Amino acid sequence: MTDQLPHPLRSDARDNRERILDAARALFAAEGLGVPMREVARRAGVGPATLYRRFPTKQELVTEAFADQLRACRTIVDEGLAHPDPWAGFCLVVEKTCELHARHPGFTEAFMAAYPDAMDFAAARAYSLKSVGELARRAKREGGLRPDFVLDDLILMIMANRGIHALSTAARVAASRRFAALAIQAFRASPAHAPLPPVPRLAPA
């Protein structure tokens with residue numbers, strides 16, 4: 001019976017795993033998801049065989065590297081939906097989403113990427129966008145959110161937030177918070193708002 005029980009990773013195996021994930025997050029943030037697996041192994045100080053034994057595919061590595069961020073994204077959306085004031089809930093989602101992506105810049109590309117259909121990202125992305133769409137409809141009905149807001153405006157915001165560059169994480173987060181405040185002002189319903197240009201298609205398939 002005991003032979004059939006799962007065995008915990010040895011300490012050296014755990015260390016290797018964490019080094020691989022740390023290296024992957026750093027490289028994905030700096031160079032994007034296209035970074036070669038061998039470069040991740042080199043940065044982590046492990047052999048390619050060790051990397052592929054733990055993470056046989058790039059998809060599995062990306063999924064595990066950003067698992068915490070993916071859960072945090074869902075928590076943010078659920079918190080916004082649960083807020084009794086839809087506009088306040090929408091603002092909360094904007095603020096916390098911008099900060100999450102500012103703290104973990106590699107996560108933005110993973111969340112937006114259309115290629116990893118086998119990963120949990122596709123389902124999580126669909127859930128998040130659907131939930132924010134419902135929150136936006138509520139905020140429009142209550143009069144807080146401008147009536148011509150569309151979900152692709154949120155995608156545009158995330159893409160723009162990703163472009164923030166700073167010398168430190170703290171500076172990047174501070175800039176992201178200011179950007180989120182500006183975005184919220186733009187999203188707020190106001191009779192002074194001029195009509196927006198046509199909607200671009202930005203959401204991944």
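Reader: Starting with Asp 68, does that residue count as buried or exposed?
Author: In this model, which is a predicted one, Asp 68 has a relative accessibility of 53% and therefore counts as exposed, because exposed means over 50%.

Reader: And what does the side chain of Asp 68 meet in a salt bridge?
Author: The partner is Arg 71, with 2.3 Å from N to O. Arg 71 has a relative accessibility of 51%, so this residue counts as exposed too.

Reader: Where do Arg 71 and Asp 68 lie?
Author: Both belong to helix H5, which covers residues 67-82, and they sit three residues apart, or about one turn of the helix.

Reader: What about Arg 42 and Glu 39, how do their side chains meet?
Author: They also form a salt bridge, at 2.7 Å from N to O, and both residues lie in helix H2 (residues 37-44), three residues apart, which is about one turn of that helix. Arg 42, at 56% relative accessibility, counts as exposed, whereas Glu 39, at 22%, counts as partly exposed.

Reader: Which parts does the pair of Arg 177 and Glu 99 tie together?
Author: The side chains of Arg 177 and Glu 99 meet in a salt bridge of 3.1 Å, N to O. Arg 177 lies in helix H10 (residues 169-187) and Glu 99 in helix H6, so the pair links parts of the chain that are 78 residues apart in sequence. Arg 177 itself counts as partly exposed, with a relative accessibility of 47%.

Reader: Stepping back, how many helices and strands does the chain have?
Author: There are ten helices and zero strands. Of the 205 residues in the chain, 43% are buried, and among contacts with a separation of 6 or more, 70% are made by residues 24 or more positions apart. The accessible surface comes to about 11400 Å², with 56% of that area belonging to carbon and sulfur atoms.

Reader: New topic: how many cavities of 30 Å³ or more does a search find?
Author: Searching the whole structure gives one cavity of 30 Å³ or more, and the largest cavity has a volume of about 80 Å³.

Reader: What lines the largest cavity?
Author: The lining includes Cys 73, Val 93, Phe 111, Leu 129 and Ile 158. At least two lining residues come from each of H5, H6, helix H8 (120-142) and H9. By class, eight of the lining residues are nonpolar and three are polar, with no charged residues.

Reader: And how much space lies in the second largest pocket?
Author: That pocket holds about 240 Å³ of space. It is lined by 17 residues, of which Ala 29, Pro 105, Arg 162, Ile 164 and His 165 are the closest to its centre. Helices H1 (11-31), H6 (86-103), H7 (105-112) and H9 (151-162) each give two or more residues to the lining.

Reader: Which classes of residue does the lining of the second largest pocket have?
Author: The lining of the second largest pocket has seven nonpolar, six polar and four charged residues, while the lining of the largest cavity has no charged residues.

Technical notes: Residues numbered from 1 in each chain as written. Heavy atoms only, no water. Helix = DSSP H or I, 4+ residues; strand = E, 2+ residues; numbered from the N terminus. Buried < 20%, exposed > 50% of the residue type's maximum accessible area, 1.4 Å probe, protein only. Contact = heavy atoms within 4.5 Å. Areas by Shrake-Rupley, 256 points an atom, 1.4 Å probe, with all protein chains shown as cover. 1 Å grid on protein atoms, 1.4 Å probe; cavity = no way out; pocket = protein on both sides within 12 Å on 5 of 7 lines; lining within 4 Å. Points joined across faces, edges and corners; volume = space filled by probe spheres on them. Nonpolar A, V, L, I, M, F, W, Y, C, P; charged D, E, K, R; others polar. Salt bridge = Lys/Arg side-chain N within 4 Å of Asp/Glu carboxyl O.
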